[in-house]
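Let's walk through this structure together, starting with its sheet and ending with the chain as a whole. Keep the 3D view open as you read.

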Amino acid sequence: MAEVSVLNMEGSEVGKIKLNDAIFGVEINEHLVHQAVVTQLANNRQGTQKAKTRSEVRGGGKKPWRQKGTGHARQGSIRAPQWTGGGVVFTPTPRDYSLKMNRKEKRIALKSALTSRVNEGKFIVVDEIKFEAPKTKEFAQMMTNLDTAKALVVINDNDANVVKSAANIPTVKTASVNTINVYDILKYDTVIVSQDAVKTIEEVYA
């Protein structure tokens, strides 16, 4: 089992914790990690873009001028694509971009992402992340104490004071154990996890 230091919010070591190899010491499957990221980004797309074709644009029912004898090129409608205000050729239409992964693949990808952070030394365990009131300054000081600027902070429950304290820091995202995902784990330089959240992760994802 991998053993990492447990720090307090001041950045001092207060103990050690052994991480479950079934979660934090698996063989990294890069293919499934990539697939999980692609799937999440695809599922975030709305797919609502739309432009009108010549059959949907208003007007243009009348032939603008007679077929022959005007000196102009023949035209059938002022809403053809070559006209200003005409329809769009090969227009984008609403579509569903969503992709699917089965549960087992998702779990392997998540374990692989967590393992990679542990192997890189970018997995920080904090004994307790707690604030008496929402204070951005105090949260920023904790980040400085932990020597990191861009981090995913995982807490065991949705503590409003912690979430609000981090809300105004653009390089920090908070997440509860049941909302962590591969994309966020890889997007942020460091993963900061409270000690009780580590135990919950091991219980939920083992």
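**The sheet and its surroundings**

In this predicted model, six strands form an open sheet in the order S2-S1-S3-S6-S4-S5, and their pairing is mixed. The edges belong to strand S2 (13-19) and strand S5 (172-176); each has a single partner strand, so one side of each is left without a neighbour in the sheet. If you look from strand to strand, neighbours in this sheet are turned by 30 degrees against each other on average, direction ignored.

Now turn to the pairing of S3 and S6. Strand S3 (residues 123-126) and strand S6 (residues 190-194) run parallel and are joined by four bridges. To find one of these pairs, pick Ile 124: its bridge partner in S6 is Ile 192. Helix H7 (residues 195-205) packs on the sheet, where it touches strand S1 (2-7), S2, S3, strand S4 (151-155) and S6. The direction of H7 makes about 95 degrees with that of S6.

Next comes helix H3. How far apart are the end C-alpha atoms of this helix? H3 covers residues 103-119, 17 residues in total, and at 1.5 Å a residue it should span 24 Å; the end C-alpha atoms are 24 Å apart, which agrees. Just after the helix, Gly 121 takes a positive phi of about 70 degrees.

Finally, step back to the protein chain as a whole. It contains seven helices and six strands, and along the sequence these follow the pattern β-β-α-α-α-β-α-β-α-β-α-β-α. The radius of gyration of the protein chain is 27 Å, while the globule rule gives 17 Å for 206 residues; the value is well over that, so the chain is more spread out than a compact globule. Along the principal axes, the C-alpha atoms fill a box of roughly 95 × 40 × 25 Å. Of the 206 residues, 38% count as buried. Among contacts between residues at least 6 apart in sequence, 68% join residues at least 24 apart.

Methods. Residues numbered from 1 in each chain as written. Predicted model: local features only at pLDDT ≥ 70, side-chain atom pairs only at ≥ 80, totals over all residues. Heavy atoms only, no water. Helix = DSSP H or I, 4+ residues; strand = E, 2+ residues; numbered from the N terminus. Expected span 1.5 Å × (residues − 1). Pairing = 2+ DSSP bridges. Axes fitted to C-alpha atoms, helices over the stretch in contact; angles between N-to-C directions. Contact = heavy atoms within 4.5 Å. Rg over C-alpha atoms; globule rule 2.2 N^0.38 Å. Buried < 20%, exposed > 50% of the residue type's maximum accessible area, 1.4 Å probe, protein only.
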